[in-house]
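Take a walk through this model, ring by ring and then strand by strand.

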Amino acid sequence: MPVAASAVYFLNLRGDVLINRLYRDDVGGNMVDAFRTHIMQTKELGTCPVRQIGGCSFFYMRISNVYIVIVVSSNANVACAFKFVVEAVALFKSYFGGAFDEDAIRNNFVLIYELLDEIMDFGYPQNLSPEILKLYITQEGVRSPFSSKPTDKPVPNATLQVTGAVGWRREGLVYKKNEVFLDIVESVNLLMSSKGNVLRCDVTGKVLMKCFLSGMPDLKLGLNDKIGLEKESQLKSRPAKRLPVAIFMSVSLTWSLNMLLCSGKTIELDDVTFHQCVNLTRFNSEKTVSFVPPDGEFELMKYRITEGVNLPFRVLPTIKELGRTRMEVNVKVKSVFGAKMFALGVVIKIPVPKQTAKTSFQVSSGRAKYNAAIDCIVWKIRKFPGQTEPTMSAEVELISTMTEKKSWTRPPIQMEFQVPMFTASGLRVRFLKVWEKSGYNTVEWVRYITKAGSYEIRC
């Protein structure tokens, strides 16, 4: 069920009402008094952002020195309510030059009331896109002297965006050079036992795009996911009508290129979520990502992979406790990606006991030092080539104590890294097609990045 808000209040830290808007008559005008009495004055603002008082529910969030309170009298979607608040604040900031506080609200009463009437109708959220609303609410807000410089006004043509299916992109965009930048960014999460057994391993990834395209282009993205390839092969095997020679040559060339790119590994994507611009009907039928992109930078999709993860590093630690005052630490790190590739900013944190007094190191690559603040030996390698095995040896001297020795619970070794042009999941872009009725040429750029999420090895 959507929000179905009965009222929205903007309060300062003292509880004074700055702006309020009643959308339904199922709540009284004194609801804000209940919020002050039962929530603000009882010091329970930080305990839970959702409170039920009588027959009404209060959803509230603090932004800067302003509380935004949504009052509902029926069962409502809490996540949708807070999403509305976040999007509304972003909208106000776009009109106020990046500022949203008590002063900005007091200086823009009329504009805020006009926006509240547009973004919510009878308690139901509507379009909150700043790019679209600025097409027909052209009033400028009072900007803070510290806000950014106002941008150029968009083309005043809002018919397609307001009434059509493409509410995230405006017409009339023109670029001298049409370019598309696509980044696949993955985070590897690993937990490995001291015996080398993988206890938990998964990859969370996202596809980021930055589009500078003229007109209203239609993009089609193909990945090497298993379901998409199976669906595409089914569509290709169907008998088709005879095509003209030029079109047939184009299709054959594209199909040959796709077969060349897809001859390697196929993967299975889990928990896929898309940007609102993606045509879900076409994805369900053809398993291809088709969309009309927003202008500029946006997140096209997110995914997770739990099977067939290709770990970029293998860590082989050996820690020996020699009596009560000495330890030997030997760590070997092997990079398993290609020899022509390299990792950047590799940091390995090897834990040591709190009573460490002195350390000495020998490293085959990079630098190492003891950090007493985190009780770790920090080994840093600025540039880590593929198919190499640098090692680190350390002697640790401990402070001898008269108290009974307690067994040291060894925390896991942690890694930080970034590997360009490598994906732990094996995800690859098979094709990225751009079609626009004017037929201009487009330059596509694709980049892969793998980072460490939670990369831990028990020792």
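Aromatic pairs come to 13 here. Rings of Phe, Tyr and Trp (its six-membered ring) count as a pair if their centres lie within 6.5 Å; planes under 30 degrees apart are stacked, over 60 edge-to-face, and the rest tilted. F92 and F96 form a stacked pair, at 6.0 Å centre to centre with 10° between the planes. Both sit in helix α2 (residues 78-96), four residues apart, about one turn of the helix. Both F92 and F96 are buried, meaning under 20% relative accessible area with a 1.4 Å probe, protein chains only.

This is a predicted model, where local features need pLDDT of at least 70, side-chain atom pairs count only at pLDDT 80 or more, and totals for chains, interfaces and linings use all residues. Residues are numbered from 1 along each chain as its sequence is written, and side-chain values use heavy atoms, leaving out hydrogens and water.

Now F417 and Y455. Their ring centres are 5.1 Å apart and their planes stand at 90°, so the pair is edge-to-face. F417 belongs to strand β21 (residues 413-420) and Y455 to strand β23 (residues 443-457), so the pair ties together parts 38 residues apart in sequence. Helices (H or I, at least four residues) and strands (E, at least two) are DSSP runs, numbered from the N terminus. F417 and Y455 are both buried. They also belong to one aromatic cluster with F313, F337, F384 and F422.

Finally, a sheet. Three strands form an open, antiparallel sheet in the order β12-β10-β22. Strands pair if DSSP finds at least two bridges between them. Six bridges join β10 (residues 218-223) to β22. There, D218 stands opposite W435 in β22.

Methods:
Buried means under 20% relative accessible area, exposed over 50%, partly exposed in between (1.4 Å probe, protein chains only).
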